[in-house]
Amino acid sequence: MKIALLGYGKMGKVIEKLALEKGHSVVFKSTIDSSEGNFKEADVAIEFSAPEAAVSNISKALEAGIPVVSGTTGWLARYHEMVNLCESRNGSFISASNFSVGVNLFFSINEYAAKLMAPWKEYDVSVEEIHHTEKKDAPSGTAITMAEGILKHSDKRDWQLDSSDEKSLKITAKREEDVKGTHTVSYNSTIDAISLEHVAHSRDGFAKGAILAAEFLKDKKGIFTMKDVLGIED
Ligand SMILES: NC(=O)c1ccc[n+]([C@@H]2O[C@H](COP(=O)([O-])OP(=O)(O)OC[C@H]3O[C@@H](n4cnc5c(N)ncnc54)[C@H](O)[C@@H]3O)[C@@H](O)[C@H]2O)c1
Ligand SMILES: O=C(O)C1=N[C@H](C(=O)O)CCC1
């Protein structure tokens, strides 16, 4: 598979290493200042750039007829525009807040726990995420996906960063040197506490999942999710 890497920072570099180990090739790499290689030759584009760059990168690839796997977070208020563009071009698109297999299993565990906990009103639920200090967006896309999973089964009205309003699901975002990504959902009562946590030890899980998504998407048309890629039921 010939890959175009749109964004060649921490994630682009790990994806390149693991893709080459799997026998794929990287025919194009772009950063904010430069681009090299042949974009149009790619079978698939893997986009991990920056919140302000994602829409332009994804649009360029869809307009060129190249299937797009996008991992960039912090731009999803414009997700529907990319869905519309993909549909109008009969293209192929997967976006995920987190491509790691473990996190996608964790998303299902999180929803199951939220459903189980729903009748037990003495427990207050909250989400915490910790990432490295270079991260541009807060809360993380993963924390937002987790919050959306909890809200499906909860009386809370919405999620809010650092909220003290008890009608909102509180998300706390912490930034610490070199943390790859830690997500915790906690249920606290005056009697006890239950927490579920996912800890990423490296960026390899995100990169492996993005390559799996690219392999899945390469010869398909339409809009897919990581649940489709991994065969996880709703
Ligand atoms: N979905 C996931 O599994 C997952 C995992 C890790 C990171 N991320 C997200 O992916 C994004 C990138 O993460 P990172 O750690 O690689 O960041 P990074 O800052 O290390 O790298 C970003 C790269 O994008 C480039 N870039 C910026 N604007 C660009 C543009 N207009 N065109 C092309 N390239 C551009 C930068 O030059 C840089 O090379 C972030 O939004 C992060 O939150 C998602
Ligand atoms: O390093 C990052 O930035 C990460 N971003 C994603 C998010 O916002 O959830 C996934 C985890 C790593």
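Me: Two strands pair if DSSP finds at least two bridges between them. In this predicted model, which residue in S11 stands opposite threonine 184?

Reply: Strand S10 covers residues 182–188, and 7 bridges join S10 to S11, the two strands running antiparallel. Across from threonine 184, the residue found in S11 is glutamate 197.

Me: What angle does the direction of H4 make with that of S11?

Reply: Helix H4 packs on the sheet, where it touches S7, S10 and S11. Taking the direction of H4 against that of S11, the angle is about 165°.

Me: Which strands does H5 touch as it packs on the sheet?

Reply: The direction of H5 makes about 165° with that of S7, one of the strands it touches.

Me: Which strands stand at the edges of the open sheet?

Reply: The sheet has 5 strands in the order S8-S9-S7-S10-S11, with mixed pairing. A strand at an edge has a single partner, so one side of it is left without a neighbour in the sheet. The strands in that position are S8 and S11.

Me: What does the twist of this sheet average from one strand to the next?

Reply: The order to follow is S8-S9-S7-S10-S11. Going from one strand to the next, the twist averages 20°.

Me: How many of the 11 residues of H5 are buried?

Reply: The buried residues of H5 include Gly141, Ala143, Ile144 and Ile150, and what covers them includes H4 as well as strands S7, S8, S9 and S10. Helix H5 is largely enclosed by the rest of the structure, because its number of buried residues is 9.

Me: Is histidine 131 buried or exposed?

Reply: This residue, which UniProt places in an unreviewed entry under the feature "active site" together with Lys135, is found in strand S7. Beyond its neighbours within four places in sequence, histidine 131 is in contact with Ser140, Arg175, Val179 and Gly181. A residue needs 20 or more other C-beta atoms within 10 Å to count as buried. Because histidine 131 has 23 of them, it is buried.

Me: How many C-beta neighbours does lysine 135 have inside 10 Å?

Reply: Lysine 135 is found in the loop between S7 and helix H5. It counts as partly exposed, because the number of its C-beta neighbours inside 10 Å is 16.

Me: Which helix gives the most to the shell around ligand 1?

Reply: Of the 25 residues around ligand 1, those that come nearest are Gly7, Gly9, Met11, Ala53 and Gly71. By class, the shell has 11 nonpolar, 13 polar and 1 charged residues. With 3 residues, the helix that gives the most is H1.

Definitions and conventions. Residues numbered from 1 in each chain as written. Chains lettered and ligands numbered in written order. Predicted model: local features only at pLDDT ≥ 70, side-chain atom pairs only at ≥ 80, totals over all residues. UniProt positions renumbered as here; feature names shortened; annotations may be inferred. Helix = DSSP H or I, 4+ residues; strand = E, 2+ residues; numbered from the N terminus. Buried ≥ 20, exposed ≤ 12 C-beta atoms within 10 Å, placed from the backbone. Contact = placed C-beta atoms within 7 Å. Near = placed C-beta within 6 Å. Nonpolar A, V, L, I, M, F, W, Y, C, P; charged D, E, K, R; others polar. Axes fitted to C-alpha atoms, helices over the stretch in contact; angles between N-to-C directions.
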